[in-house]
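Me: I would like to learn how to read a structure of this kind step by step, beginning with a helix and going on to packing. Could you take me through the one shown here?

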Amino acid sequence: MGLFNVTHPAAFLLTGIPGLESAHSWLAGPLCMMYAVALGANALILQAVRVKPSLHEPMYYFLSMLSFSDLAMSMATLPTVLRTFCLNARNIAFDACFIQMFLIHSFSMMESGILLAMSFDRYVAICDPLHYATVLTNGVIAGIGVAVTARSFITFFPLPFLFKRLPICRSNVLSHSYCLHPDRIKLACADITINSIYGFFVLVSTFGMDMIFIFLSYVLILHSVMAIVSRKERLKALNTCVSHILAVLAFYVPMIGVSVVHRFGKHAPRFVHVLMSNVYLFVPPVLNPLIYSAKTKEIRRAIIRMLRPIKM
């Protein structure tokens, strides 16, 4: 009972971009456009995969999972970001901040797991095409989706309990317009070693391992492609991977940037930390549907047909 008998504020104060407070109203417009693109484009992909029988294939099922995670991530950050930038309403209740923190980290890990699953899909399609349909059955795809989701929520389940044991007595002002675990533990006036170790363990054992396996899958894919005699067929095989490679870069490059700035850029201006975090959370949900719509002919055609007005 006494484990959580510590001092906590009733609410936290969120922060937009330090040093640019006067420009928040101007930044609200571009942010609203980014959210509109992220929500609308990902919803279109989900609907296209749902209603078009030609898209009922493993690759597009995984793409719909990616669109769902991007949609969920955008919805998790949207309320506080728009309140902060549009209404200058910076307060968020203590428990609401916990929920948002849990959702942001969980959906971020879910996206990493889905990108790994998509690399496995590309590996099977290129390295073992004859068994593609028998390896990636609907049951296997559903199992992968459940496993990715379960890993995300189970891994971050201890975070609220690890944080609630810490007293907060320094300040209640957060560095972002949303709640993140590294940002919140900085406010604690107690030993945060356990939280830091657990956070590092999660980062290495999930995101780190996902990156390693994605890299290894492309090493195997490249080795298989180089064995193809025809140059045209080699380029055709590699072209099927371009969208996924761009999605991986859009997700992991900002994440690595945030980690580097957090670990080694302690003397960098605060707005650099905030800007990198914003890029990490806001850019992938916007870029992913645009990448797949531009590079995948089947998705592009399905969306155009859905948006084309019905002729009378």
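Me: What distance should the 29 residues of helix 2 span, and how far apart are its end C-alpha atoms?

Reply: The expected span of a helix is 1.5 Å times one less than its number of residues, and helices (H or I, at least four residues) are DSSP runs numbered from the N terminus. Helix 2 covers residues 58–86, so its 29 residues should span 42 Å, and the end C-alpha atoms are 40 Å apart, which agrees. This is a predicted model, in which local features need pLDDT of at least 70 and side-chain atom pairs count only at pLDDT 80 or more, while totals for chains, interfaces and linings use all residues. Residues are numbered from 1 along each chain as its sequence is written, and side-chain values use heavy atoms, with hydrogens and water left out.

Me: Where in helix 2 does a kink lie?

Reply: The bend at a residue is the angle between axes fitted to the seven residues ending there and the seven starting there. In helix 2 a kink of about 45° lies at Leu78, shortly before the proline Pro79. After the helix comes Asn88, whose phi is positive, near 55°.

Me: How many of the residues of helix 2 are buried, and is Ser74 buried or exposed?

Reply: Buried means under 20% relative accessible area and exposed over 50%, with partly exposed in between, using a 1.4 Å probe and protein chains only. Helix 2 is mostly covered, with 22 of its 29 residues buried. Ser74, which is found in helix 2, is buried, with a relative accessible area of 4%. Contact means heavy atoms within 4.5 Å, and, leaving aside neighbours within four places in sequence, Ser74 is in contact with Tyr35, Ala38, Leu39 and Pro285. By contrast, Ile99, found in helix 3, is exposed, with a relative accessible area of 54%.

Me: Which residues have the most contacts inside the largest nonpolar core?

Reply: A nonpolar core is a set of buried Ala, Val, Leu, Ile, Met, Phe, Trp, Tyr and Cys residues joined through side-chain atoms within 4.5 Å. The largest one here has 77 residues, and those with the most contacts inside it are Phe12, Leu63, Leu115, Met118, Leu281 and Ile299. Helix 3 (residues 94–127) contributes the largest share of this core, 15 residues. Leu281 touches Met73, Thr77, Ile104, Tyr178 and Leu180, not counting residues up to four places away in sequence.

Me: How many aromatic pairs does the structure hold?

Reply: Rings of Phe, Tyr and Trp (its six-membered ring) pair if their centres lie within 6.5 Å, and planes under 30 degrees apart count as stacked, over 60 as edge-to-face and the rest as tilted. The structure holds 11 aromatic pairs. The rings of Phe98 and Phe163 have their centres 5.6 Å apart and their planes at 75°, so this pair is edge-to-face. Phe98 lies in helix 3 and Phe163 in helix 6 (residues 159–164), so the pair ties together parts that are 65 residues apart in sequence. Both Phe98 and Phe163 are buried. Phe207 and Phe251 form a stacked pair, 6.5 Å centre to centre with 25° between the planes. Phe207 lies in helix 8 (residues 193–226) and Phe251 in helix 10 (residues 242–264), so this pair ties together parts that are 44 residues apart in sequence.

Me: Which residues form one aromatic cluster?

Reply: One such cluster is formed by Phe12, Phe94, Phe98 and Phe163.

Conventions. Helix = DSSP H or I, 4+ residues; strand = E, 2+ residues; numbered from the N terminus.
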